[in-house]
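Please look over the model below. My notes follow as numbered points.

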Amino acid sequence: MRKVLFLVLAALLATTSLQAQPAVPEFAPLPYAFDALEPYIDTQTMEIHYSRHHRAYYDNMLKAASGSAFLERGLQEALTEIASWPEALRNNAGGHFNHDLFWRVMAPRAGGEPQGKLAEKINTAFESFEKFKEEFKKAALGRFGSGWAWLCVDTDGGLFITSTANQDNPLMNVGNRKGIPILGLDVWEHAYYLKYQNQRGGYIDAFWNVVNWPEVTLRLERALAAN
Ligand SMILES: [Fe+2]
């Protein structure tokens, strides 16, 4: 009996000490195969984008964060204070966070229209799903050069659309309109050039076929709970 109690205690202590360690974000596997989003996002783009571009942001984030307390309170929290950290962390931690979100808000055999609370909030903020898509496309097309288009949750629980340059995102305290991003679209040329060349609009239109609305809804619920 004593031996069992000792083992239980040891297991509990091990769990506690693991939890107390600083959270180093993982380079999570892509949640589907490279060719899973065809024909909307081509296999070669997915492979290069995930394995090379995202991987480089991740590796460079760890390098830039090494020896600092940057990741200790978690990546999302760290991004809210990014203005106090070196430029390399803004670019690479932003790059890692943004791509990790991007992979997860897409899925094969997805698309369609959002349901439930997300649909209600979209209708409240933008009048209709069609108008939301128009406004999102305008933000994604209007981003000059490289960046992202976002659907975000405001501090009052409402939704808004914004876009950011480079690897910035709306969590960062760098002059963007701040909010919690629940859907993001990468509009860097590396995200679409092989298939769409300079036709960013075609890439944006195709994106709606792969949006994983149940995942966006989960992110909405988490954001509302955090507000
Ligand atoms: Fe990208």
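1. On one side of helix H9, Ala225 and Ala226 are exposed (12 or fewer other C-beta atoms within 10 Å of a residue's own; buried means 20 or more, partly exposed lies in between, and C-beta atoms are placed from the backbone). Helices are DSSP runs of H or I with at least four residues, strands are runs of E with at least two, and both are numbered from the N terminus.

2. This is a predicted model: local features need pLDDT of at least 70, side-chain atom pairs count only at pLDDT 80 or more, and totals for chains, interfaces and linings use all residues. Residues are numbered from 1 along each chain as its sequence is written.

3. Trp213, Arg219 and Leu220 of H9 are buried. They cover an arc of only 115° around the axis, so they sit on the same side of H9. The arc is that of the directions from the helix axis to the C-beta atoms. The buried residues of H9 pack against helix H5 (116–126), S1 and S3 (contact: C-beta atoms, placed from the backbone, within 7 Å).

4. The open sheet has three strands in the order S2-S1-S3, with antiparallel pairing (at least two DSSP bridges between two strands). Strands S2 (159–165) and S3 (180–186) are at the edges, each with a single partner strand, so one side of each has no neighbour in the sheet.

5. Seven bridges join S1 (residues 147–153) to S2, and the two run antiparallel. Val153 stands opposite Leu159 in S2.

Conventions: Contact = placed C-beta atoms within 7 Å.
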